Amino acid sequence: MSWQSAESTLHRVRPLEVEAWLDAKPEELHLQLHTTSARVGYGKSRRVPDSPSSRGRSDAASQRRPRRKRVVRSSSPAGSADMDGGGFRVEGAGAASLIVWPSQPGIATNMNTLRQLNRAAAPALKQATTKSGLVLPNLPQVLRPATTLAAGTPKISKGPTKYGGVYTVTLIPGDGVGVEITDSVKEIFEVMNVPVEWEQFNVSGETHGSESLFKEAMESLKRNKVGLKGILFTPIETGSHNSWNVAMRQQLDIYASLVICKSLPGYPTRHKDVDFAIIRENTEGEYSGLEHSSYPGVVESLKSLKVSTRAKAERISRFAFDFALKNGRKKVTCVHKANIMKLGDGLFLNTFRRVAEEYKSSGIESNDMIVDNTSMQLVSRPQQFDVMVMPNLYGNIVSNIGAALVGGPGTVPGCNIGREFALYEPGCRHVAKDIMGTNAANPAAMILSATMMLRHLGLDTQANQIAESVYKVIQDGKVRTADMGGKSKTHEFTQAVLSNL
């Protein structure tokens with residue numbers, strides 16, 4: 001698999017799924033398209049008029065009539081359709097599914113409405129299956145998205161904010177070299193006329209008075225659902241604020257950090273054929289930050305005790321196995337320290353093993369490894385790893401080791417995925433204050449993270465063009481920043497990417 005194709009599958013954490021439902025207004029039909037990526041594409045509302053008989057029926061009579069199960073069969077450009085037990089399924093042209101959950105009895109039993117619904121949904125179904133090139137078997141039920149990994153979790157009700165064909169994305173450049181590398185992304189997007197509008201917040205972890213700006217940025221993220229950010233500095237002095245990077249993940253419940261470490265063609269490193277994914281639990285563990293001083297010189301810290309829950313361990317474990325299943329990977333390794341922390345890491349490990357049993361029939365292998373042995377194995381024989389899942393702190397350490405194996409923190413993209421929000425940032429969370437303002441930072445990781453965001457928004461064409469251009473610049477070796485052994489500047493790397501488009 002080429003780097004381009006491997007990177008393009010990074011986002012596939014959700015199966016093809018088409019749903020429609022009727023809300024409190026019976027005349028409004030909302031069509032929601034889940035494509036093969038982690039994104040959600042939203043179609044515009046379509047009005048489905050009632051039939052004359054339906055309009056003539058009194059509301060009282062409509063309310064008295066119980067919901068009845070009907071079977072309706074019709075034809076459309078997408079294939080055949082039938083309704084059974086309140087669910088309306090369209091089959092053919094890729095064997096996707098369309099389900100209607102009726103909220104109004106009058107609408108649920110209206111034959112004309114169902115036929116119009118079939119005709120309205122068929123073009124969208126055909127376009128979605130043709131564009132993705134994916135043909136699914138006849139599914140016995142609607143597949144739940146891989147990001148709703150907790151049992152019983154409701155599906156997303158609203159997607160990325162989009163006005164007039166342009167997506168609104170929250171941008172937080174961050175501290176250190178963040179402004180320089182996000183400027184590269186903005187320049188590339190502007191040249192390519194990418195339909196993304198930025199809501200930029202220059203939040204800083206170093207300056208006082210940024211608390212209100214941070215709250216504004218959080219409101220923007222909650223409104224837009226998607227964000228691109230650099231790394232915010234976290235002071236280590238006693239009495240300073242807690243990490244705002246952690247606060248974002250916890251408040252938005254973006255629980256899964258995903259980093260891909262893969263050898264780059266044209267850039268030789270100590271090890272060849274490295275290709276593994278690091279999946280890190282983002283919201284608990286040592287990063288809970290619960291500590292206090294009970295006596296002068298004595299600190300009681302829940303960072304040493306950890307905060308671990310079975311629900312979140314199961315959620316991240318299922319995410320890892322679902323990711324492996326949808327991306328053609330064969331093995332998932334759980335990284336832990338259960339030999340010492342028998343309760344905290346023991347809970348994580350036992351939950352992982354229980355989830356692994358459910359995926360045996362899918363042909364995915366599973367094993368576990370103590371974190372200190374994992375570190376040694378990574379630097380001696382990294383080719384043995386495929387997908388790795390681990391608690392919070394171990395993921396931070398392992399992602400830095402993995403980045404060093406394939407080219408450094410400037411080359412590894414990353415993303416943070418939750419049930420409702422997505423936040424994209426470089427895979428290695430370094431502020432790089434030592435080179436701030438020197439125009440020497442490598443923008444590749446931030447640019448590639450931005451292409452992952454574009455796929456999430458459904459802009460695959462632009463994402464592929466930009467990603468392929470970045471890989472070509474690295475492979476040619478003519479323009480390399482200092483971290484990759486060259487002398488090129490940030491703006492020179494950006495211009496090289498633009499020249500290869």
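This is a predicted model: local features need pLDDT of at least 70, side-chain atom pairs count only at pLDDT 80 or more; totals for chains, interfaces and linings use all residues.
Trainee: How many helices and strands does the protein have, and what percentage of its residues is buried?
Mentor: The secondary structure comprises 16 helices and 21 strands. Among contacts with a separation of 6 or more, 71% are between residues 24 or more positions apart. Of the 501 residues in the protein, the buried share is 55%.

Trainee: Are α14 and α15 roughly parallel or roughly antiparallel to each other?
Mentor: Helix α14 covers residues 444-456 and helix α15 residues 460-476, and their axes lie 8 Å apart. The packing angle is about 160°. Angles over 145 degrees count as roughly antiparallel. The two helices, α14 and α15, are therefore roughly antiparallel.

Trainee: How many nonpolar, polar and charged residues are in the contact of α14 with α15?
Mentor: From α14 the contact takes Ala-444, Ile-447, Leu-448, Thr-451, Leu-454 and Arg-455. These meet residues of α15 including Asp-460, Gln-462, Asn-464 and Tyr-471. By class, the residues of this contact are 9 nonpolar, 3 polar and 2 charged.

Trainee: Which handedness does the crossing of α10 and α11 have, and why do these helices count as oblique?
Mentor: Helix α10 (residues 310-326) packs on helix α11 (residues 344-358) at about 45°, with 9 Å between the axes. Angles under 35 degrees count as roughly parallel and 65 to 115 as roughly perpendicular, so α10 and α11, at about 45°, are oblique to each other. Whereas α14 passes α15 in a left-handed crossing, the crossing of α10 and α11 is right-handed.

Trainee: How many charged residues does the contact of α10 with α11 have?
Mentor: The α10 side includes Arg-310, Glu-314 and Arg-318, and the α11 side includes Arg-354 and Glu-358. Besides its charged residues, the contact has 8 nonpolar and 2 polar ones. The number of charged residues is 5.

Trainee: Which residues does Thr-351 contact, leaving aside its neighbours within four places in sequence?
Mentor: Thr-351 lies in helix α11 and is buried, because its relative accessibility is 2%, where buried means under 20%. Its C-alpha is 10.0 Å from that of Arg-318, a residue 33 positions away in sequence. With the near neighbours in sequence left aside, Thr-351 contacts Arg-310, Ala-313 and Glu-314.

Trainee: Is the aromatic pair of Phe-189 and Trp-198 stacked or edge-to-face?
Mentor: The structure holds 5 aromatic pairs. In the pair of Phe-189 and Trp-198 the ring centres are 5.5 Å apart and the planes 25° apart. Phe-189 is buried at 4% relative accessible area, while Trp-198 at 21% is partly exposed. Planes under 30 degrees apart count as stacked, so this pair is stacked.

Trainee: How many residues apart are Phe-276 and Phe-385, and where do they lie?
Mentor: Phe-276 and Phe-385 form an edge-to-face pair, 6.4 Å centre to centre with 65° between the planes. Phe-276 counts as buried at 0% relative accessibility, and Phe-385 counts as buried at 4%. Phe-276 is in strand β14 (residues 275-281), and Phe-385 is in the loop between α12 (371-380) and β19 (387-390). The pair links distant parts of the chain, with a separation of 109 residues.

Trainee: Which residues form one aromatic cluster?
Mentor: Two of the members are also in the contact of α10 with α11: Phe-321 on α10 and Phe-352 on α11. Together with a tyrosine they form the cluster of Phe-321, Phe-352 and Tyr-359.

Definitions and conventions: Residues are numbered from 1 along each chain as its sequence is written. Side-chain values use heavy atoms; hydrogens and water are left out. Axes are lines fitted to C-alpha atoms, for helices over the stretch in contact, and angles run from 0 to 180 degrees between N-to-C directions. Helices (H or I, at least four residues) and strands (E, at least two) are DSSP runs, numbered from the N terminus. A crossing is left-handed if the near helix is turned anticlockwise from the far one by less than a right angle, and right-handed if clockwise. Contact means heavy atoms within 4.5 Å. Ala, Val, Leu, Ile, Met, Phe, Trp, Tyr, Cys and Pro count as nonpolar, Asp, Glu, Lys and Arg as charged, and the others, Gly among them, as polar. Rings of Phe, Tyr and Trp (its six-membered ring) pair if their centres lie within 6.5 Å; planes under 30 degrees apart count as stacked, over 60 as edge-to-face and the rest as tilted. Buried means under 20% relative accessible area, exposed over 50%, partly exposed in between (1.4 Å probe, protein chains only).
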